[in-house]
2 protein chains.
Amino acid sequence: MAVIKPSIPKGTRDFSASEMVKRNHIFNTISSVFKKYGYQEIQTPTMENLTTLTGKYGDEGDKLIFKVLNSGDYLSNISTEKLDSRNSQLLITEISEKALRYDLTVPFARYVVMHRNEISFPFKRFQIQPVWRADRPQKGRYREFYQCDADVVGSESLINEAEFVLIYHEALSKLGLKDFTIKINNRKILSGIAEIIGKPELIVDMTVAIDKLDKIGLDGVTKELIDRGFSADDIEKLKPIILLTGSNEEKLGSLRSVLSASETGLKGITEIETIFDYLQLLTSQNQETISQNLELDITLARGLNYYTGAIFEVKTNEVAMGSIGGGGRYDDLTGMFGLSDLTGVGISFGADRIYDVLEELKLFPESASESTRVLISNFDEQAEKFALPLLQMLRNKGISAEIYPSSAKLKKQMTYADDKNIPYVILIGSDEMETGLLTLKNMKSGEQQKLSSEQIIAALSV
Amino acid sequence: MAVIKPSIPKGTRDFSASEMVKRNHIFNTISSVFKKYGYQEIQTPTMENLTTLTGKYGDEGDKLIFKVLNSGDYLSNISTEKLDSRNSQLLITEISEKALRYDLTVPFARYVVMHRNEISFPFKRFQIQPVWRADRPQKGRYREFYQCDADVVGSESLINEAEFVLIYHEALSKLGLKDFTIKINNRKILSGIAEIIGKPELIVDMTVAIDKLDKIGLDGVTKELIDRGFSADDIEKLKPIILLTGSNEEKLGSLRSVLSASETGLKGITEIETIFDYLQLLTSQNQETISQNLELDITLARGLNYYTGAIFEVKTNEVAMGSIGGGGRYDDLTGMFGLSDLTGVGISFGADRIYDVLEELKLFPESASESTRVLISNFDEQAEKFALPLLQMLRNKGISAEIYPSSAKLKKQMTYADDKNIPYVILIGSDEMETGLLTLKNMKSGEQQKLSSEQIIAALSV
């Protein structure tokens, strides 16, 4: 067997022990908050039927789906004509019937339809699993990455929207973030604006342009609007709307008068107000308020073709970074699988970006880098025999412990403890075995204490 | 877009909320024990380079690897000659360079070699991830399933073997299993036996045959041994060895005299004895002993081509089921990637089988089917307003809680709570709002109590 210099596919990653502990800290925090709000975890298979995924993400998306080659003699049923065409695109469905999950939304829709008779609606589910995209890899963009989604389907209640704001707030606060903004908008407000300026058919062009306000400024947006078919007159009408300032309440007040002629627009405003009212009620007993983190942003338009009501996006203000979360309400998630009129609303956390933010702000708890709590040294057979009963006593007390598995020089064992971030080492030499008082070394402070086994167990149990 | 009746690829599974809670109970129990013994979690990508996997699992294994089709115009670089050959086997490497992980062992070996300069040896890692095999699906055999592996590389110490016995014992006990057997053997003992009967070259044939003693009995084994080239004389020598009975100590005593002429065989016996000695020392302070669960079984031979020292296998005696765990020591895990002489030992838990065993024995804790702890009813707008501050107070106390998101009939809300296994429901009607005493209903007993919000929080916090 030829020796292969090992590597992994581009855009994929190994996760080391210290990275895994940090990643699990993020996933566990988010899932504990999801659960507290009544969301239940499900999982779907890594591979879906290709027909389940195709046509759901646009032509560009279809190209980015990883297809799995059929097993066995996959070429046997292809006509010579088709094979001779050398048309890679055309041959895909002949040689591949399965593909890797591209996101969690389409598999979730497929799940809801397949299991609709077992599901009790409203169905509140969360899902934390990897997805795969054959994108060109670059900094921060991977071909395998995790999504963390929570959705509720079968409930029109805006309590769900209000609770998603609380879920974002609680999860990000628990992760140690302080200065972040949960942006909220409503598709109906955007529709209302397009109506008011008399260009309802250009709503997508309008929102794509004003969504860029942050990045390209008002002049840039103006230019893009003109390119996309808006008149100077339209833009004059738009300007005061997209430049709205003030508190959320002030913005809502202004919008209500601007959109007074649009029934849809007014409905959007009422929805936002209802969500704010629910939030006020929900947090009325809280010490802290969430209002400083919540911002009505009528330039927010992500996934417009998809969302029909509320639109969410979350950004941190402590580090330069794209959005770390987003979501919204959609009215026909499962229609593509034949189950129509099932409304839903959902959010997503960008776990990889959150990881980078916590790393940069040094917000990972120290315990998140600790695994084994204590290492027992091993200098000879006699010390090893002395150590083993203590080792297991520590574990019986729930303390993660290990012995250096064979005798070795002190320095080597200390390096091992350091590399593994083990905070305590128990040193057992002839002196220790004679007196029964063992040396407990604090690896951070360097401090050493002589203690009995019982005292050591007590000290490490804290 | 045509409506597709949704399905999933054969051999794959969706996991519902109740299944996920049970699966997580198993994974969390196993990983908490791994951690207690100093093992750290890592993860590797779902896709590996095809060259990393090919040739590691035999010809049959290679066929069962799921290959991922290259993106883009994957046919463009294939010669007409090759394409015209219609040789599916030959074309694989032309149109696929990535494949799905087939097990956790080969990716782990690849990981160790790739990261050898960052790793502190001995390297104790565990890994709980799905693997994929294009096997014919059947009851209990899936195309996507999880493996739970712990391995240590870079340590010859038999303390590791002893600790794996403890890990099996602790994890399975924690999961509620009582009557299980951890079987242990040693490749060197098997080599010694083959030596003694004068057929060292037939060791694989010998072990394959005697491994079946449980299934086909002594007559079956005898027949198979003759088919595989052993003489009646050989079999006479073998019989007393494979039919060894008595305690582990008695078996070791007999073996020592039988194998006295085989240096390798004696080494195997000494290794087993050393492991037993370590176990005695480790558990000397324990209340319970593990000896009733540990059995020396010299017919045990799983993965013989691979293991060089200890061999493990775990079976439950409470349910008819194949092995629920296995492992052993290997001397050259990383040689295939150019890093030789790195010894390792590892074990694996069969999570899917353990799931079936716990289900059959009803060993999943009741809490494992509970998600939300309390549902607040919703009968009208006024009650909803009354409920929301309480809802968030419950969550602030760490109690998983939800409100039925819109007003609905009592029966519908009760069904929702039942379906979701929610143990408590808070009923808020006009009476309750007037007095401030809310009705707390225990969904299991049907019992109802009138309590203040504070009393409810106290009752549910227990």
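Predicted model: local features only at pLDDT ≥ 70, side-chain atom pairs only at ≥ 80, totals over all residues.
**Close-up views of a two-chain model**

View 1. A note on reading the labels: residues are numbered from 1 along each chain as its sequence is written, and chains are lettered from A in the order in which they are written. Local features need pLDDT of at least 70, side-chain atom pairs count only at pLDDT 80 or more, totals for chains, interfaces and linings use all residues, and side-chain values use heavy atoms, with hydrogens and water left out.

**View 2. The contact between the chains.** Here 111 residues from chain B meet 111 residues from chain A, where contact means heavy atoms within 4.5 Å. Since 99% of the interface residues of chain B are also interface residues in chain A, the copies meet through the same surface. The size of an interface is often given as the accessible area lost when the parts come together. For chain B and chain A, the buried area is about 9300 Å², and carbon and sulfur atoms give 58% of this (accessible area lost, with a 1.4 Å probe, summed over both parts).

**View 3. Polar contacts and the side of chain B.** Between chain B and chain A, 49 residue pairs are in polar contact, both residues being at pLDDT 80 or more. A polar contact is a pair of N or O atoms within 3.5 Å; within protein, one must be able to donate a hydrogen and the other to accept it, and residues adjacent in sequence count only if both atoms are side-chain atoms. Helix α15 (residues 381-396) of chain B gives the largest share of the side that touches chain A, with 9 residues. By class, that side of chain B has 50 nonpolar, 37 polar and 24 charged residues (Ala, Val, Leu, Ile, Met, Phe, Trp, Tyr, Cys and Pro count as nonpolar, Asp, Glu, Lys and Arg as charged, and the others, Gly among them, as polar).

**View 4. Salt bridges across the interface.** How many salt bridges does the rule find across the interface of chain B and chain A? There are 6, with a side-chain nitrogen of Lys or Arg within 4 Å of a carboxyl oxygen of Asp or Glu. One of the pairs is Arg110(A) with Asp14(B), at 2.6 Å from N to O. In another salt bridge, the closest N and O atoms of Arg395(B) and Glu163(A) are 2.8 Å apart. Arg395(B) lies in helix α15 of chain B and Glu163(A) in helix α7 (residues 159-174) of chain A, so this pair joins two chains.

**View 5. Backbone details in loops.** Most residues other than glycine have a negative phi, and most peptide bonds are trans. The peptide bond from Phe121(A) to Pro122(A) is cis, with omega near -5 degrees. Pro122(A) sits in the loop between α6 (105-114) and β5 (123-132) of chain A (helices, H or I of at least four residues, and strands, E of at least two, are DSSP runs numbered from the N terminus). Arg86(A), in the loop between α4 (80-84) and α5 (88-95) of chain A, has a positive phi, near 50 degrees.

How values were computed. Buried area = accessible area lost by both parts, 1.4 Å probe.
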